[in-house]
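Colleague: I have a new model open and would like to learn how to read it. Please take me through it feature by feature.

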Amino acid sequence: MTMNKHKIQALAWLNLYSAAACPFASNFGSSRGGSPPNDAVHRQGLRRRLNSINSSQPKQRELQVGGGCFTEDTYDAIFVDIEAASAAQPNNVARSHFLGGILRLAAHDFMDFDINDAVAPMGADGCIDWAHQANSGLETIWCDDGSCPLTEIYQEKYSFISRADFWVAASNAVIKLSSPNDEFDLKSTFKWGRVDADQCPDAALRLPGDTDCGEVQDVFLNRLGLTWTDAVALLGGHTLGRGSSDFSGHDGIWVDTDQEATIFDKRYYEEVLRRAWVPRNEGTALQDWTWGGGNNGSPRFMLNTDMCLLFDIETTFPCCSRTDLTRNDGTNQCDTRNSNLSGTECVRTTNDEAANAMVLFSGQRDDGRFGNDNGPFFTAFRVAWQAATTNGWEDSLHEFVLSCGTVSPTPAPLPTTPPTPVPTVPPTPGPTELPTPTISSSPTETCDD
């Protein structure tokens, strides 16, 4: 079947779909505690799976139908179907929700991993706590009745593989499809063999909240075994998709326009650095940040867990990230109807690794302008994404198989000529001890002729 036929077939059974989306992180998270991790230790391999976790995982099964397999053709077909489903979305708002929602689905699956829990490490196991508000909105991406495009694709064509593998492969497809010129291809990092869990109690309690960088540290460093650079790279996923007041309570996009919210690139990092961000919804559980300039009906926003990667928002809150920017009428962007913050600029965080990664990924030059190179972000994201999506499964995953044909039974062994026996050399006997002669007391007899 050709690529065009794949697209036509996918479009034939896809439902047009539009719903408000949700952000990558939730506003419900876990409590924190313990001392900060040593990043040097993380870099030396803390992300590797613990032996104790390895011994506690269920025995690796075949794919969900006996004898199934995962070929490169299957992986490529998933891309074609995701591409067709994206094209079927009626507008950029719906498309950004669909694409960003798939990425969020896979992230909420792997972000419950805990490297310290040998009994229930969780991770990318195809299991989501659908009843918890932290996952609100994901039911519009994956639904049991098959009415969601992503679920329909899976049930129609790919149910022979695990949900966990499919969600990662579908996310890889989203990232490639939405990157400029399809340039960011994660196929070389993909391996299959994740096993779905039927239950994952309290998994949502392990997801990051949106209050501060303590949440980022707790989840990405302490539990996932990653570094601050990895965490900053993964949070770059916010460049795709949107927040919804219907789900997380945070309304808006992380980038400049609805169209930009359908593109996977480094724009998220640029936005943090280039705009005057001021607190929004102060004094509520939904406190976040918005641009002090004109939002033009599509509010830009950042979560505390975005802003804290570059600014010390706890020490100087409330503050404005850029007090040097003015509106067209000459007024300062930090001064709004709710607050006047032009005299209170947010100071930079003392977390140098996170701040340096933010600047590096943004492509900001010495003159303050931004280049067009997505390379540093893509390189770091590739490393972090592979680590996060394979956490807990490293020893159980497989490369693509060449084909999915019927496996022939093992043939009976051919008769073989028996080996020529090697003659046995009898052992050399040990020396025999001669009997001691007996001396007779009789007289010696003489023989006469």
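Modeller: Start with disulfides. A disulfide is here a pair of cysteine sulfur atoms within 2.5 Å. This is a predicted model, so treat every value as computed from it.

Colleague: Why does a pair of cysteines deserve a look at all?

Modeller: Because a disulfide is a covalent bond between the sulfur atoms of two cysteines. This structure holds five disulfides.

Colleague: What is the handedness of the link of C320 and C334?

Modeller: Left-handed, with -65° about the S-S bond. The sulfur atoms of C320 and C334 are 2.0 Å apart. Both cysteines sit in the loop between α11 and α12, 14 residues apart.

Colleague: Are C320 and C334 buried or exposed?

Modeller: C320 is buried, because its relative accessible area is 0%, under the 20% cut-off. C334 is buried too, with a relative accessible area of 0%.

Colleague: Which cysteine does C319 pair with?

Modeller: C319 is joined to C346, S to S 2.0 Å. The torsion about their S-S bond is about 95°, so this disulfide is right-handed. C319 and C346 both lie in the loop between α11 and α12, so the pair ties together parts that are 27 residues apart in sequence. C319 has 0% relative accessibility and counts as buried. C346 is buried as well, at 5%.

Colleague: Now helices. What describes a packed pair?

Modeller: Two packed helices are described by the angle between their axes and the distance between the axes. Take α4 (residues 72–87) and α5 (residues 92–110). Their axes come within 9 Å and cross at roughly 150°. That angle is over 145 degrees, the cut-off for roughly antiparallel, so α4 is roughly antiparallel to α5.

Colleague: Which residues of α4 and α5 meet?

Modeller: From α4, I82, A85, S86 and A87. From α5, R95, F98, L99 and I102. By type, the residues of this contact divide into six nonpolar, one polar and one charged.

Colleague: On to the backbone. What is the geometry of the peptide bond from F317 to P318?

Modeller: The bond is cis, with omega near -5°. P318 is in the loop between α11 and α12.

Colleague: Is E260 buried or exposed?

Modeller: Buried, at 11% relative accessibility. E260 lies in the loop between α9 (228–235) and α10 (267–274). Leaving aside neighbours within four places in sequence, E260 is in contact with T239, V255, D265 and R267.

Colleague: Where is L402 found?

Modeller: In the segment after α13 (375–390). L402 is exposed, with a relative accessible area of 88%.

Colleague: Last point: confidence. How should I read the parts where pLDDT is low?

Modeller: Where pLDDT is low, the predicted coordinates should not be read in detail. The mean pLDDT of the protein chain is 81, and 73% of its residues reach 70 or more.

Colleague: Over which residues does pLDDT stay under 50?

Modeller: One stretch is residues 1–67, for which the model has 188 contacts beyond four places in sequence. Another is residues 406–449, with zero contacts beyond four places in sequence.

Definitions and conventions: Residues numbered from 1 in each chain as written. Predicted model: local features only at pLDDT ≥ 70, side-chain atom pairs only at ≥ 80, totals over all residues. Heavy atoms only, no water. Helix = DSSP H or I, 4+ residues; strand = E, 2+ residues; numbered from the N terminus. Buried < 20%, exposed > 50% of the residue type's maximum accessible area, 1.4 Å probe, protein only. Contact = heavy atoms within 4.5 Å. Axes fitted to C-alpha atoms, helices over the stretch in contact; angles between N-to-C directions. Parallel < 35°, antiparallel > 145°, perpendicular 65-115°, else oblique. Nonpolar A, V, L, I, M, F, W, Y, C, P; charged D, E, K, R; others polar. pLDDT = per-residue confidence, 0-100.
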